[in-house]
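This briefing is for a reader who is new to the structure. Please look at the sequence and the model first, then read the notes below.

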Amino acid sequence: MIAALRRHLADPALPARLRALAADAPAAAPLSLSLDLGPTTADWLAALPAAGPFWYQARPVAGLYQLGIGHAFQVASAGPQRFAALDNAFAGLARNWRHDGSALAFCGFAFDEYHNTPLPNALLAIPAVLLESRAGRSRAILSTPAGRLESAPELWRQLLSRPAARLPHRLQPAADQTLAERAWVARVNAALRDIAGGQVAKIVLARQRRLEGERPPAAGRLLEALGTQQPDSLIYAHGNGPTVFLGATPERLIRLSGRQIATDALAGTAWPGSPDLDAPKNRHEQSLVVDAILGALAGLCSTPPQAGPVEIRQAGSVAHLRSRIAGTAAAGVTLFDLLRALHPTPAVGGFPGPAALDWLARHGEQRSAWYSGGFGSLTASGDGEFAVALRSALLTAGGIELHAGAGIVAGSTPQQELAETEAKFGTLLAALAARQEKLQKALG
């Protein structure tokens, strides 16, 4: 299909199509041209670039795969008004956006509003090349500022000519975690003391584990393994050169379609050998998330939002309690308004939100890249969907850092919460092991 796209790019009629799309458009207006690639499905991972920015998201069970390469437009923000800044920037782009089909922007953001390493705190981008497979059909969406349309075809050809190498990874065994685990257990005990004292009802604490090596895993191979492992989760990634943030998340943060809102209240965790998912501790933790989301959305909906029954959401070997929440957005409410109201939910921060965030700040909580922030996409009309960036890893030139967290509430026990984070690390560890085993068999 990449070969078919290159033929499209060489078509002498392409510049005329671009000029027609750009008629009377300001020089800074986005242009997005759609090219049909035929009735086939591809995950596009072989086209991941060796350099430059890319975005990837997939729901394998739904046959949806999207890979964005390069940036036609990008806006970064940070600070307490980061969502408002992105909202204003997106509204400006959408106002003049010319497209002959659907068009898409990607967005990701960190848990807190100030963290800026190694990714921008919050980033919104329209990819220069978007490769999409949906419902058994593939296409490319090519984007450029109207003022650069003459040079755009050559840029698109260059972006498609630099796929990343997919070499076997070489990682060292994890360093002894004893001291790090003891420090984390001490933080759990501190949280439990303040929960018992009535200062807060829930605190979510994060852990990191680093695996070092001379050759980090190839992002494409790891994403492929995650898609096989969890086909009904969102498989996601954003990268720029050797730095790649990726994962497989079971949790929707928000979806806006027209005026219809959908979100998940997901909390409580079980894994092989753990206490039952229906245990009082898990039910209590999940109810806090439901109540907080309903309260956050109430002022943005034309009628009170409603929570569905509690169900089980399986994500690989880990399971959660989930309630689907739906509502109708009031007139003028945007996707970024909803993000600003919801993030962080008690599933990743704690409850009540302000007290939990204050506790985390005072106790030095550190979360790498966009872990427990958000990852999603928006159409030119402002519809879109974000997921909570969970079960994630950060790939760098020197290795890979895994991320996991656990919600601490009354009734939590430190060792059980530690075991929960180990089970969540298992998502990426299993994907790493699966890819390494497959490569070893292929190499004989």
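The largest pocket of this predicted model has a lining of 33 residues, and those nearest its centre are Gln57, Arg59, Leu64, Arg255 and Glu385. The notes go on with this pocket, then turn to a cavity, a helix and the chain as a whole.

**The largest pocket**
- The volume of the largest pocket is about 560 Å³.
- Eight named strands each give at least two residues to the lining of this pocket: β2 (53–59), β3 (64–77), β6 (122–134), β7 (137–145), β11 (252–257), β14 (318–328), β16 (374–379) and β17 (384–388).
- Sorted by class, the pocket lining holds 14 charged, 11 nonpolar and 8 polar residues.

**The largest cavity**
- The model has 1 cavity of 30 Å³ or more.
- The space in the largest cavity comes to about 200 Å³.
- Its lining is made of 21 residues, and Ala347, Leu390, Arg391, Gly405 and Lys424 are those nearest the centre of the cavity.
- Two or more lining residues come from each of the strands β8 (202–212), β12 (260–270) and β19 (399–409), and from the helix α10 (414–442).
- By class, the cavity lining has 9 nonpolar, 7 charged and 5 polar residues.

**Helix α5**
- Helix α5 covers residues 178–196, which makes 19 residues.
- From first C-alpha to last, α5 reaches 27 Å, close to the 27 Å expected at 1.5 Å a residue.
- Which residues of α5 are buried? They are Trp184, Val185, Arg187, Val188, Ala190, Ala191, Leu192, Asp194 and Ile195.
- An α-helix has 3.6 residues a turn, so residues three or four places apart point the same way.
- Just after α5 comes Gly198, with a positive phi of about 85 degrees.

**The whole chain**
- The protein chain contains 19 strands and 10 helices.
- Its C-alpha trace spans about 70 × 60 × 35 Å along the principal axes.
- A compact globule of 444 residues would have a radius of gyration near 22 Å, and the protein chain agrees because its own value is 22 Å.
- Of the 444 residues in the protein chain, 55% count as buried.
- Among contacts between residues at least 6 apart in sequence, 76% join residues at least 24 apart.

Note on methods: Residues are numbered from 1 along each chain as its sequence is written. This is a predicted model: local features need pLDDT of at least 70, side-chain atom pairs count only at pLDDT 80 or more; totals for chains, interfaces and linings use all residues. Side-chain values use heavy atoms; hydrogens and water are left out. Helices (H or I, at least four residues) and strands (E, at least two) are DSSP runs, numbered from the N terminus. The expected span of a helix is 1.5 Å times one less than its number of residues. Buried means under 20% relative accessible area, exposed over 50%, partly exposed in between (1.4 Å probe, protein chains only). On a 1 Å grid over the protein atoms alone, a cavity is a set of points where a 1.4 Å probe fits but cannot get out, and a pocket is an open set with protein on both sides within 12 Å along at least five of seven lines; lining residues have an atom within 4 Å of a point. Grid points are joined across faces, edges and corners, and a volume is the space filled by probe spheres set on the points. Ala, Val, Leu, Ile, Met, Phe, Trp, Tyr, Cys and Pro count as nonpolar, Asp, Glu, Lys and Arg as charged, and the others, Gly among them, as polar. The radius of gyration is taken over C-alpha atoms; the globule rule is 2.2 Å times the number of residues to the power 0.38. Contact means heavy atoms within 4.5 Å.
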